[in-house]
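Please keep the sequence and the structure open while reading.

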Amino acid sequence: MRKLLAVLASVAIVAVLSCGGGTGTAGGSNAIKVGLIVPLTGDVKTFGESARNGTMLALEEANAGGGVNGRRINVVATDDKNDPTETGNAGSKLIDMDKVAVIIGSVSSKCSVPLSDKCESAKIPMITPTSTNPKVTVGEDGKRKEYVFRACFIDPFQGTVGARFALDSLKAKTAAVMYDVGNDYSKGLADYFKASFEKGGGKVIAFESYAKDDVDFSALLTKVKQSSPDVLFIPDYYNKVGLIAKQARQLGITAAFLGGDGWDSPEMSKIAGDAIVGGYFTNHYSPDDPRPEVQEWVEKYQAKYGQKPDALATLGYDAGLLLIQALKNAPNAKPDEIKAALGAIKDFPCVSGKITFDEWGNPIKSAAVLEYTKDGQQYVTTINP
Ligand code: PHE
């Protein structure tokens, strides 16, 4: 009991959001309860804000159209601060106290891995909009976590795309890699990039790790400088990458910078300044994609939130669309029905591409390569699976 109270006290309940207007109790007793877990404070808060905004927009649209099967969707949103312990507490609260039927979250892989274990054992379906590490849907035992799905591609693909871009477009022969050893996403993507780059004939001449709270990278960067690589691959989140990029240029490193989806934040240019200009990263979509569904989405999001949707907002929206589609085929909105309906989704049109889940709960989708310029991000190319 004491443990439960401690857990409850530590969970930041952001809001019970009855989306799409309307009055009365939060969605009414007949409402379908959906849990949302994202980081709204902490080191990657723009990730959580975007993912929440995108998800809420999809669910609000469903409610504005009368809900799903005549029932409103009622979101219980929590902030996990990008801390796996907080994610676990938030998951327990949503499942045991709020009795949600399904959870959308979390954002970073290191939070979604423990959350997925919890959802799997509680038999509550989970959709992570953005977590790309394979372990989110696969257990230590190598078995599929059957209740877990995602709206994004996975890092073995993303690492390959980064390596191909370095080899084919940047004509790189050598690469250095710097990664956060305590972050599933960063470490995983570093490994996948290295394997692909070497398979493609490139040489990884420095493979250096740091810890989560490091802020001075001069020792590692000195090693990188001595190895004089064509590209420096930095698979981490914007706040760390911004620091590393800045310090690297200050040290006189001239390598091209390359990274992954974790670079996608309106804060990146503020932190890195000119150091990130000319840096390339792989991502889930580009707002410059001329497909009409992308352009409609960009317009709609901008009208509501006053900025262009980044990949996190877009994947949040897509996760919301996947859930709504599944709920349509789950007349009682029971967790097992929702799980089965999610698994049955095929060729479903989302903003980031058409979604069919493979046997591991992962969509097969293309990746965009973007470049940071003086004016923000610019679309470079699309790479298909
Ligand atoms: N893919 C990252 C992870 O798994 C999260 C992320 C997705 C960050 C998209 C930025 C953009 O940790």
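## Domains and their interface

The chain is divided into domain 1 (2-153 + 292-365) and domain 2 (155-283), with bounds that come from an automatic or database domain assignment. This is a predicted model, in which local features need pLDDT of at least 70 and side-chain atom pairs count only at pLDDT 80 or more, while totals for chains, interfaces and linings use all residues. Residues are numbered from 1 along each chain as its sequence is written, and side-chain values use heavy atoms, with hydrogens and water left out.

The C-alpha centres of the two domains are 29 Å apart, and 20 residues of domain 1 are in contact with 19 residues of domain 2, where contact means heavy atoms within 4.5 Å. About 1600 Å² is buried between domain 1 and domain 2, with carbon and sulfur atoms giving 55% of that area; buried area is the accessible area (1.4 Å probe) that two parts lose on being put together, summed over both. Phe-47, Lys-110 and Phe-153 supply 33% of what domain 1 buries against domain 2, more than any other three residues.

## Helix 2 against helix 10

Helix 2 (residues 45-64) and helix 10 (residues 292-305) have axes that come within 12 Å and cross at roughly 105°. Helix 2 is therefore roughly perpendicular to helix 10, a term that covers angles of 65 to 115 degrees. Here helices are DSSP runs of H or I with at least four residues, and strands are runs of E with at least two, numbered from the N terminus. Axes are lines fitted to C-alpha atoms, for helices over the stretch in contact, and angles run from 0 to 180 degrees between N-to-C directions.

From helix 2, Ser-50, Asn-53, Gly-54, Met-56, Leu-57, Glu-60 and Glu-61 meet Trp-297, Lys-300, Tyr-301, Lys-304 and Tyr-305 of helix 10.

An open sheet of 7 strands runs in the order 8-7-9-10-11-14-15 with mixed pairing, two strands being paired if DSSP finds at least two bridges between them. Its edge strands, each pairing on one side only, are strand 8 (203-210) and strand 15 (376-383), and the twist averages 25° from one strand to the next.

## Backbone details

The peptide bond from Gly-105 to Ser-106 is cis, with omega near -20°, and Ser-106 is found in the loop between strand 4 (102-105) and helix 4 (109-122). Ala-333, although not a glycine, has a positive phi of about 50°, and Ala-333 lies in the loop between helix 11 (311-328) and helix 12 (335-343).

Key:
Parallel < 35°, antiparallel > 145°, perpendicular 65-115°, else oblique.
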